[in-house]
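Here is a walk through one protein model. Keep the structure in view while you read.

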Amino acid sequence: MFDRAAARDYQSHSKLEIAEREDEANAMALRPIIILPDPKLRLISAPLGQVDDALRKLLDDMVETMHDAPGIGLAGIQIAEAIRVLVIDLAKKDEPPAPQFFVNPEIVWSSDERAVYEEGCLSIPEYYEEVERPAKVRARFLDREGKQREILAEGLLSTALQHEIDHLDGVLFIDYISKLKRDRVVKKFAKMAKRAADGPRPL
Ligand SMILES: [Zn+2]
């Protein structure tokens, strides 16, 4: 953690040193991911008026957090930011990172054709279930530069986009599975959270 304003007070230091400190201030940061049963996961996120440097910094932090997890998608609310942003990176482990940025994403068309994919969620760690969704979707969004774009997504990108856009509306993938299975996983996570809160704490 380094405060940018403080960097300006380092006048007596060399320019190089100041530059290094500025770099630190600009460096990406990991953000904690909230997990079930955190009630924030059920919030409806607010749309953004514009894409500015502060938002781009947040998007970059989200990418770093997603890569570190590791995951292939992360919505703003998963780091407790109730704004309509998400990042997706479908690059495989041996491929260079290829993050995609979505601000105010909206699904404007979905196919009648359906597809099933075994989904997981960084906010419900180590739990996977098959979910059926439209196979293809057309989505409209602003990119990292604030430019309006539209894409036709299919395959894993379609699933990831729908899963992440759901987060912006407080919807989780477990909402699509049977009530029996959902109750079981919610109970398990509630129990783990209680144990973490009540249990012995490290010194
Ligand atoms: Zn998720």
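The paragraphs below go from the overall layout to the sheet, the helices, the core and some backbone details.

This is a predicted model. The protein has five helices and seven strands. Read from the N terminus, the order of elements is α-α-α-β-β-β-β-β-β-β-α-α. The chain has 203 residues, and 26% of them count as buried.

Five strands form an open sheet in the order S1-S2-S3-S6-S7, and the pairing is antiparallel. Which strands stand at the edges? They are S1 and S7, the latter covering residues 148-153. Each has a single partner strand, so one side of each is left without a neighbour in the sheet. From one strand to the next, the twist averages 40°. As background, strands of a sheet pair through backbone hydrogen bonds, either parallel or antiparallel.

Look next at the pairing of S6 with S7. These two strands run antiparallel and are joined over six bridges. Within this region, Phe141 stands opposite Arg149 of S7.

Two helices can now be placed against the strands. H3 packs on the sheet and touches S1, S2 and S3. The direction of H3 makes about 45° with that of S2. H4 lies across S1, S2, S3, S6 and S7. Relative to S1, H4 runs at about 20°.

Ten of the 14 residues of H4 are buried, so the helix is largely enclosed by the rest of the structure. After H4 comes Gly170, with a positive phi near 75°.

Next, the interior. In soluble globular proteins, nonpolar side chains tend to be buried together. Here the largest nonpolar core holds 34 residues. Which of its members touch the most others? They are Leu59, Met62, Leu74, Leu86, Val87 and Leu161. Several elements supply at least two residues each: helix H3 (53-68), strands S1 (73-75), S2 (85-88), S3 (100-110) and S6 (137-142), and helix H4 (155-168). H3 gives the most, with five residues.

Take Leu161 first. Beyond its neighbours within four places in sequence, Leu161 is in contact with Ile88, Pro105, Val137, Ala139 and Ala153. Ala139, one of those partners, lies in strand S6. Is Ala139 buried or exposed? Ala139 is buried, because 21 other C-beta atoms lie within 10 Å. Ala139 and Pro105 are 34 residues apart in sequence, yet their C-alpha atoms are 6.5 Å apart in space.

Finally, turn to the backbone. Most residues other than glycine have a negative phi, and most peptide bonds are trans. Some places in this model depart from that pattern. The peptide bond from Leu36 to Pro37 is cis, with omega near 5°. Pro37 lies in the loop between H2 (15-26) and H3. The bond from Ala69 to Pro70 is cis too, with omega near -10°. Pro70 belongs to the loop between H3 and S1.

Ala80 has phi near 65°. Ala80 sits in the loop between S1 and S2. Ala80 counts as partly exposed, because it has 14 C-beta neighbours inside 10 Å. Asn104 has phi near 50°, again a positive value in a residue other than glycine. Asn104 is in strand S3. With 18 other C-beta atoms within 10 Å, Asn104 is partly exposed.

How values were computed: Residues numbered from 1 in each chain as written. Predicted model: local features only at pLDDT ≥ 70, side-chain atom pairs only at ≥ 80, totals over all residues. Core = buried A, V, L, I, M, F, W, Y, C linked by C-beta atoms within 7 Å. Buried ≥ 20, exposed ≤ 12 C-beta atoms within 10 Å, placed from the backbone. Helix = DSSP H or I, 4+ residues; strand = E, 2+ residues; numbered from the N terminus. Contact = placed C-beta atoms within 7 Å. Pairing = 2+ DSSP bridges. Axes fitted to C-alpha atoms, helices over the stretch in contact; angles between N-to-C directions.
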